[in-house]
Amino acid sequence: MFENIAIFDIGTYSIKCIKAKTGFRNFQIESLIIEDLNLSIENKSERINNGLEKIISQNDLNDYTIITTLPSSKLFFYTFNFPFKNVNQISEVITYEIADSIPLDLDAVIYDFQPIYHENLEGMSTIAVVSPKILIQQYLEIFFKYNLNPVFMGTEFNALFQAYNYFNTVQNESAIQINIGYEKSIINLILNNNLYATRCILFGIKNIEEHLIKLSSDKTDLKNFLAHYSFDLSSFDNN
C-alpha cells in the first residue's frame, strides 16, 4: 500500500532526485539529491550520463519506483489540431501527423501526446513529444546496470502538470505553474483543472545573474559575489 518513489529531473547543468514515500493521507519527502554536472566534459550526453550514474551508484534505490524526465533540448515538440475531441481517435491518427513532421524514421523514435483543452473549440489541440529511441536507451542502460527499471519517462511541462493533478483537491481550479531553470523556464496555464497552454522560455537564473553582474560592473565586490553565489531556488540553503 505504501510506495517509495524516486523522481529524477535530468537537466543540462544538474540532475535532481527526490526520494519520497506515500502514505494513507500524506506524501513524505525523504531527501533531495542535487548533482551538479561536470561542465569540463564537453560532450553533453556523457556529462549527463556521468551525473546520473553517480547518483544511482551512491544511493540504494532498489525498493523505489523510478520516474524520470528527459532533457527537453533533446526532444522534438509538435502541436497538432484535430477536428474532434475523442482521445482514442487522436491516438489512432496522430502517428501519421508525426511521421510527416519528424526528421527521423518513425521506427527510430518513441512518441506520446498531451491533450490541450479549449472550451470554445469543436476539436482539440495536442502537444506531441517525440524522443529518439537511442536517447531513452542510453538512460535506461544506466538504470538497468543497477537493476532499476523506470516505470515512466516524461517531459518537464507534463511532469509539472501531472504533479498538480496528483496533489490538487480543488475542483474547477485555474492556476499558473512556473519552473525557473538555469537557462530556460517552463510555464503551464491550467484552467478548470485542465492544461490549457504551455510555453518554454529561453530565460532563466543564468540570465538574471548576467544582468545583475552587468549592472554592477563597477562594483567589484558585488560582481564577484553574484558571479559565485548559487541562485539555485531548489536548494535548501537558499530558501
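Mentor: Let's begin with terms: two strands pair if DSSP finds at least two bridges between them. Helices (H or I, at least four residues) and strands (E, at least two) are DSSP runs, numbered from the N terminus. Here, strand 4 (residues 64-69) and strand 8 pair in the parallel sense over three bridges. Look for Ile67, which stands opposite Phe152 in strand 8.

This is a predicted model, where local features need pLDDT of at least 70 and side-chain atom pairs count only at pLDDT 80 or more, while totals for chains, interfaces and linings use all residues. Residues are numbered from 1 along each chain as its sequence is written, and side-chain values use heavy atoms, with hydrogens and water left out.

Trainee: In what order do the five strands of the open sheet run?

Mentor: The order is 3-2-1-4-8, with mixed pairing. Strand 3 (27-36) and strand 8 (152-154) are at the edges; each has a single partner strand, so one side of each is left without a neighbour in the sheet. On average, neighbouring strands of this sheet are turned by 15° against each other, direction ignored. For such angles, axes are lines fitted to C-alpha atoms (for helices over the stretch in contact), and angles run from 0 to 180 degrees between N-to-C directions.

Trainee: Now the side chains. How many salt bridges are there?

Mentor: A salt bridge is a side-chain nitrogen of Lys or Arg within 4 Å of a carboxyl oxygen of Asp or Glu. By this rule there are five salt bridges. One of them joins Lys184 to Glu156, with the closest N and O atoms 3.3 Å apart. This pair links distant parts of the chain, 28 residues apart: Lys184 is in the loop between strand 9 (175-180) and strand 10 (185-191), and Glu156 is in helix 4 (residues 156-167).

Trainee: Is Glu156 buried or exposed?

Mentor: Buried means under 20% relative accessible area, exposed over 50%, and partly exposed in between (1.4 Å probe, protein chains only). Glu156 has 9%, so it is buried, whereas Lys184, with 22%, is partly exposed.

Trainee: Which side chain does Lys206 meet in a salt bridge?

Mentor: Lys206 meets Glu183 (3.2 Å, N to O). Lys206 lies in helix 5 (residues 205-215) and Glu183 in the loop between strand 9 and strand 10, so the pair ties together parts 23 residues apart in sequence. Lys206 is partly exposed at 26% relative accessibility, and Glu183 is partly exposed at 33%.
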